[in-house]
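Here's a quick tour for someone who likes geometry with the cut-offs spelled out. Have the viewer ready.

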Amino acid sequence: YPRDKQGCIVCIATSALNKDTLSMYLGSTFSKLTNEECARLIDAGDVRTYHSGDVIIGEGDTLQALMLIKTGNVRVTRTYLDDLSAEFTGPLGPGEVVGEMSFIDGKGASANLIADGITEMLVLPRDQIEKILADEPTLAGRFYESLFLVLARKLRATNMRVLPVSP
């Protein structure tokens, strides 16, 4: 199998089962897009396979892609005091989008994403997404609206985990 520069297996999502699964996940995450628009995004990406413990995204990495968990789980950790690692959210599973903050603001990743078992990720390169969105401006608006809804949901979930400070 071909591998990317991190040594992860890369395969093109061409089978009907792969496309159906990815379309279902992408459609639930990007609820403002049509099935046809989701299919265009899926066709623009590829699926990468990671093994347990592989770093999918490293804290501080600048991403040029948006990623969707197809199978498996991902742990989200942050590094503190130079060498302590803390998991600050529950594991993410199939259908979750990752890398969205870096995708939007172009800054480094705010956390490490580590494969928890064999994990398949749909990787949607920024240049491919931008090409699709440039072809249809109304798609761009709905794409970013969906992405902002993902961010709002994640922020609310994070707020629920923060304990109030006693006076």
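## Ground rules

This is a predicted model, so local features need pLDDT of at least 70 and side-chain atom pairs count only at pLDDT 80 or more, while totals for chains, interfaces and linings use all residues. Numbering starts from 1 along each chain as its sequence is written, and side-chain values use heavy atoms, with hydrogens and water left out.

## Aromatic residues

There are 4 aromatic pairs in the structure; rings of Phe, Tyr and Trp (its six-membered ring) pair if their centres lie within 6.5 Å, with planes under 30 degrees apart called stacked, over 60 edge-to-face and the rest tilted. F143 and Y144 have ring centres 5.1 Å apart and planes at 90 degrees, so they make an edge-to-face pair. Y144 also pairs with F148, and this one is tilted: 6.4 Å centre to centre with 35 degrees between the planes. Y144 and F148 sit 4 residues apart in helix α5 (residues 137-161), about one turn of the helix. Helices here are DSSP runs (H or I, at least four residues) and strands are too (E, at least two), numbered from the N terminus.

Buried means under 20% relative accessible area, exposed over 50% and partly exposed in between (1.4 Å probe, protein chains only).

F30, F103, F143, Y144 and F148 form one aromatic cluster.

## A buried glutamate

E100 belongs to helix α3 (residues 100-105) and is buried, with a relative accessible area of 6%. Which residues does E100 contact, leaving aside neighbours within four places in sequence? They are L66, L147, L151 and K154, where contact means heavy atoms within 4.5 Å.

## A strand pair

Strand β2 (residues 46-50) is mostly covered, with 4 of its 5 residues buried. It runs antiparallel to strand β7 (residues 112-125), and 5 bridges join the two; strands pair if DSSP finds at least two bridges between them. V47 has L122 in β7 as its bridge partner.
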